[in-house]
Amino acid sequence: SIKDNSILDRLCCGNIISTQAILIKTSIAKKYKFNTKMFNIEDYDFVLRVAIDNKVSYTPEVLVDLYRQSDSITDSYDKLKNSCLVMLTLWISPFVY
């Protein structure tokens, strides 16, 4: 079943969307683009920015299988820490006076 506009609340708790399963209009994808400074969470940042400004629907069904290699950047704590700092800076700085 497809659910409308309830995704943003779930995304605020963490990334639940695999980029392998995203269907998106080309014009929207080109407008938001991935922020490559975020190495291993650029997909999460991308999905959050798209969901804030656009109607997003999703299915809770599992659509892809995940295989993580031992040298995956997803497992790099230092890269994750740095990516989170970049994300926080970009998301919070507009609100700091």
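1. Asn35 counts as buried, at 18% relative accessibility, where buried means under 20% relative accessible area, exposed means over 50%, and partly exposed lies in between, with a 1.4 Å probe and protein chains only. This residue sits in the loop between helix 2 and helix 3, helices being DSSP runs of H or I with at least four residues, numbered from the N terminus. When its neighbours within four places in sequence are left aside, Asn35 is in contact with Glu42, Asp45, Arg49 and Leu90, contact meaning heavy atoms within 4.5 Å.

2. Please keep in mind that this is a predicted model, in which local features need pLDDT of at least 70 and side-chain atom pairs count only at pLDDT 80 or more, while totals for chains, interfaces and linings use all residues. Residues are numbered from 1 along each chain as its sequence is written, and side-chain values use heavy atoms, with hydrogens and water left out.

3. A search of the whole structure finds 1 aromatic pair. The rings of Phe34 and Phe46 have centres 4.6 Å apart and planes at 20 degrees, so this pair is stacked; rings of Phe, Tyr and Trp (its six-membered ring) pair if their centres lie within 6.5 Å, and planes under 30 degrees apart count as stacked, over 60 as edge-to-face and the rest as tilted. Because Phe34 lies in the loop between helix 2 and helix 3 and Phe46 in helix 3, the pair ties together parts that are 12 residues apart in sequence. Phe34 is partly exposed, with a relative accessible area of 42%, whereas Phe46 is buried, at 5%.

4. The largest nonpolar core has 16 residues, and those with the most contacts inside it are Ile7, Leu11, Tyr44, Val50 and Met87; such a core is a set of buried Ala, Val, Leu, Ile, Met, Phe, Trp, Tyr and Cys residues joined through side-chain atoms within 4.5 Å. Two or more residues are given to this core by each of helix 1 (7-11), helix 2 (26-32) and helix 3 (42-53), and the largest share, 6 residues, comes from helix 3. Leaving aside neighbours within four places in sequence, Met87 is in contact with Met38, Ile41, Tyr44, Asp45 and Leu48.

5. Leu8 lies in helix 1 and counts as partly exposed, at 27% relative accessibility. Apart from neighbours within four places in sequence, Leu8 is in contact with Leu48, Ala51 and Ile52. The C-alpha atoms of Leu8 and Val56 are separated by 8.4 Å, although these residues are 48 residues apart along the chain.
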